[in-house]
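Please keep the sequence and the structure in view while reading.

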Amino acid sequence: MEFTTDTAIQVRFPGLFDLQVNGFGGVDFNNPRTTELEFLRSIEALRERGVTRFLPTLITSSAGNFARCAKNLTCLHHPAIAGIHMEGPYVSAEDGPRGAHPREHIAAASIEDFLRRQGETGGGIRLVTLAPEIPGALLLTEYLVAHGVRVAIGHSAASPGQIRDAVKAGATLSTHLGNGCANPLPRHPNLIWEQLSTDELFASFIVDGQHLPPATVKAMIRAKTSSRAILVTDAISAAGCPPGEYELGGEPVVLSVEGRVSPPGKPWLAGSAITLDQAVANTVKFTGLSLEEVLPMASDRPAEYLGLKPAGHVSADWNAAGCRLTKLKVFDP
């Protein structure tokens, strides 16, 4: 690091790596009508925020919609795309845990169904988020792990015992821990405590100030430790854009002036509008950890989780007083 002004420090770090991106810069990855040029524009917008590798995320939808979206992504062959994160359809159908996933397209987990979807992505699915309590989930988890696909727990109403069973079957990540679960939970035991205390599980967090309060972020990352904490955005098309109306999987969502993304007139969240560099800055602010401790949660840690490495390096100005990263510039290896 070197000082550039009285208030800003120039920093250099590995390219950011986001495990969960549903869309970005006005582009919806879950819309089958999204064009190649729109995808490329979105990838360039991500790069401008320091993200050099990511997993496009396909959420629960109809079989036809999934197939078309998967084909669009598979045809890109872009080096920034490190694979596909399949979030659903093997998730809870209950209100609360279900989140914004459409109930009519939620399905039981099966190896046959996954193999069809994996074929449609050309073998590109690297991460699957599922609810361990649904029929077929544990058997599928064992199959996925045996074939090199990471398994995450998310959008679940599982009991602590079912969480333990999923870990025994090979699950290694909690997807956006603290979200995608019932709003009222028993104080203890519950699926959040179980996942926080399980050392075999990494945990991803959406640190946008909407999904988790600052004190919750601080406590959860302390519990997981920085070595098992991963920052994700769960970004949708509204990310990097001004407040207004956008889409997620062809369905309307609204980005408020406060930064909250929700379906019109609904209380639940539908992804986020934060960028990963902003999530890094928020995490420093919320936890009191140093920038050097937090940056790996958004670069080295997610890459290592997938058995990969970050791509390139990023230079930026860090304003410690304001907790802001500015003037980001990517340098390729």
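How are α7 and α8 oriented to each other?

## Packing of α7 and α8

In this predicted model, the axes of helix α7, which covers residues 214-224, and helix α8, which covers residues 276-287, come within 8 Å and cross at roughly 85°. Since crossing angles of 65 to 115 degrees count as roughly perpendicular, α7 and α8 are therefore roughly perpendicular to each other.

On the α7 side the contact is made by P214, V217, K218 and I221, and on the α8 side by T283, F286 and T287. Divided by class, the residues of this contact between α7 and α8 are four nonpolar, two polar and one charged.

## Packing of α3 and α4

A second pair is formed by helix α3 (residues 111-120) and helix α4 (residues 137-146), whose axes come within 10 Å and cross at roughly 45°. That angle makes α3 oblique to α4.

Here α3 contributes I111, F114 and L115 to the contact, while α4 contributes L139, L140, Y143 and L144. The residues of the contact of α3 with α4 comprise seven nonpolar ones, with no polar and no charged residues.

## The largest cavity

Rolling a probe the size of a water molecule over the atoms shows where empty space is left. In this structure there are two cavities of 30 Å³ or more, and the largest cavity holds about 80 Å³ of space. It is lined by 14 residues, of which L177, N179, G180, L191 and Q195 are the closest to its centre.

Which helix gives the most to the lining of the largest cavity? Helix α6, spanning residues 191-197, does so, with three residues. By class, the lining of the largest cavity consists of five nonpolar and nine polar residues, and no charged residues are found there.

## The second largest cavity

The second largest cavity has a volume of about 40 Å³. Its lining draws on D18, V21, F24, L46, R49 and V51, together with T233, A235, T275 and L276.

How do the residues of this lining divide into nonpolar, polar and charged? The lining of the second largest cavity has six nonpolar, two polar and two charged residues. Among the residues that line this second largest cavity are D18 and R49, and Asp and Arg both count as charged.

Conventions
Residues numbered from 1 in each chain as written. Predicted model: local features only at pLDDT ≥ 70, side-chain atom pairs only at ≥ 80, totals over all residues. Heavy atoms only, no water. 1 Å grid on protein atoms, 1.4 Å probe; cavity = no way out; pocket = protein on both sides within 12 Å on 5 of 7 lines; lining within 4 Å. Points joined across faces, edges and corners; volume = space filled by probe spheres on them. Helix = DSSP H or I, 4+ residues; strand = E, 2+ residues; numbered from the N terminus. Axes fitted to C-alpha atoms, helices over the stretch in contact; angles between N-to-C directions. Parallel < 35°, antiparallel > 145°, perpendicular 65-115°, else oblique. Contact = heavy atoms within 4.5 Å.
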